[in-house]
Amino acid sequence: MDIKDIIKPENIVYQKTKLFTEKPLSYCPGCGHGTAHRMLLEVLEEMNIQDKTVGIAPVGCSVLAYEFLDIDMQQAAHGRAPAVATAVKRLMPDKFVFTYQGDGDLAAIGTAETIHACNRGENFTMIFINNGIYGMTGGQMAPTTLPGMRASTCPFGRDTEIMGNPLKITELLAQLPGVYYVTRQAVHTPNAVRKTKKALRNAFEYQKLKKGISFVEIVSNCNSGWKMTPNQSNKWMEDNMFPFYPLGDIKVPQLEKV
Amino acid sequence: MAKVKGAIVVDIEKCKGCSVCIPACNQNVILLAKEVNGKGYQYAYMENPEACTGCVNCAIVCPDGVITVYRTKVEA
Ligand SMILES: Cc1ncc(C[n+]2csc(CCOP(=O)(O)OP(=O)(O)O)c2C)c(N)n1
Ligand code: SF4
Ligand code: SF4
Ligand code: SF4
Ligand SMILES: [Mg+2]
């Protein structure tokens, strides 16, 4: 069969969602941020809530998320996305509201905003891209950096004696009664991407119930910061990040039909 | 018997040559071109088009979402 007979509009089975703007993504080649964006948009599209959704972009590599996601967005000061999301959701309770934050943003400078929004049981979704590093600013150590992992501010690897232990903020937040749904996923293989999409769908469905925060961590690569090729970084992530940050559901609501 | 045939189209100018799609394809369809696009990236292309089943795995993992997948049934 000739390729020309396959490549016809009626045979399309997958294409980039129209909820992306035309702008090329500013992320490094192979970076998981783009895949995470795409799954988020596919969920909004499938739920047909793109016109009722407000996203809060962080400071970090995804600071420009509002340039790529063709939905209503606000950009917050570093770490303050949960505070901004609190205001947006309280003023417009019928909107679907989410934050999209890196580990430096959510688990370092924004720890107070994160914990208190979760503890107050605000009714929005938090999407947490954990790549164990400050990607945007040149790969400095983050609270999430693994023991022994190299970063520009710990070039010989994180020494926990001096630099302390990495923070599993997701497990910590799951303890809070204001947090309704917590899961940890990844976007480096087709199966992982499909599971992430399901998790994001759950998160937005749960948001409708107004029972608190729905929280989706995505363990992701920062191939530039880790100084690896994209495929090497994905392998490294499987071998090193997943044992410390295991994938799967952490808190699942009991018997709630959505 | 009906057989499934697939094909992909890569948006060459938006491909960043990251190679993430290559191991995602169980049929070993994809390679990077020797040529580069306008940004200087070697772009992905179907080296082995007959093997494509249109499973969409490559498109799902492409960080830049630059792969469109086509699939059709053919009577063998
Ligand atoms: C108040 C303030 N402090 C520090 C910075 C510098 N800064 C920009 S991005 C960033 C860390 C981003 O890391 P992360 O949130 O993990 O996002 P990534 O780039 O890894 O996706 C820092 C410290 C800033 N922009 N504003
Ligand atoms: S620096 Fe890291 S997190 Fe930022 S775009 Fe590049 S790979 Fe992604
Ligand atoms: S995953 Fe996408 S951007 Fe990367 S090489 Fe393949 S087609 Fe190009
Ligand atoms: S659609 Fe499936 S078989 Fe075809 S190139 Fe992509 S991953 Fe390979
Ligand atoms: Mg980070």
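**View 1. The largest pocket of the predicted model has a volume of about 350 Å³.** A pocket is an open set of points, on a 1 Å grid over the protein atoms alone, where a 1.4 Å probe fits and where protein lies on both sides within 12 Å along at least five of seven lines. Grid points are joined across faces, edges and corners, and a volume is the space filled by probe spheres set on the points. Lining residues have an atom within 4 Å of a point. Of the 27 lining residues here, Gly60(A), Cys61(A), Tyr134(A), Gly135(A) and Met136(A) are the closest to the centre. At least two lining residues come from each of α5 (103-109), β6 (133-134) and α10 (223-226) of chain A. Helices (H or I, at least four residues) and strands (E, at least two) are DSSP runs, numbered from the N terminus. The lining has ten nonpolar, 15 polar and two charged residues. In this scheme Ala, Val, Leu, Ile, Met, Phe, Trp, Tyr, Cys and Pro are nonpolar, Asp, Glu, Lys and Arg are charged, and the others, Gly among them, are polar.

**View 2. Ligand 1 has 16 residues around it.** A residue is near a molecule if one of its heavy atoms lies within 4 Å of it. Cys61(A), Asp103(A), Gly104(A), Asp105(A) and Gly135(A) come nearest to ligand 1. An oxygen atom of the ligand is 2.6 Å from a side-chain N or O atom of Asp103(A). Backbone atoms take part as well: a polar one of Gly104(A) is 2.8 Å from a ligand oxygen, and an N or O atom of Met136(A) is 2.9 Å from a ligand oxygen.

**View 3. The second largest pocket holds about 260 Å³ of space.** Of its 14 lining residues, Lys16(A), Glu22(A), Asp11(B), Gly65(B) and Thr68(B) lie nearest the centre. Four residues of the lining are nonpolar, five are polar and five are charged.

**View 4. Ligand 3 is surrounded by residues of chain B, including Cys15(B), Cys18(B), Cys21(B) and Cys62(B).** Lys16(B), Pro63(B), Val66(B) and Ile67(B) are among the other residues of this shell. By class, the shell has eight nonpolar residues, two polar and one charged.

**View 5. Helix α9 of chain A covers residues 190-209.** From its first C-alpha to its last, this helix of 20 residues reaches 30 Å, close to the expected 28 Å. The expected span is 1.5 Å times one less than the number of residues. Among the buried residues of α9(A) are Val193(A), Leu200(A), Phe204(A) and Tyr206(A). Buried means under 20% relative accessible area, exposed over 50%, and partly exposed in between (1.4 Å probe, protein chains only). Just after the helix, Lys210(A) has a positive phi of about 55°.

**View 6. The side chains of Asn57(B) and Arg194(A) make a polar contact of 3.0 Å.** A polar contact is a pair of N or O atoms within 3.5 Å; within protein, one must be able to donate a hydrogen and the other to accept it, and residues adjacent in sequence count only if both atoms are side-chain atoms. Asn57(B) is in helix α2 (residues 57-61) of chain B and counts as buried because its relative accessibility is 12%.

**View 7. His37(A) lies in helix α2 (residues 32-47) of chain A.** His37(A) is buried because its relative accessibility is 0%. Its side chain and that of Tyr100(A) are joined by a polar contact of 3.3 Å.

**Notes on all views.** Residues are numbered from 1 along each chain as its sequence is written, while chains are lettered from A and ligands numbered from 1 in the order in which they are written. In this predicted model, local features need pLDDT of at least 70, side-chain atom pairs count only at pLDDT 80 or more, and totals for chains, interfaces and linings use all residues; side-chain values use heavy atoms, with hydrogens and water left out.
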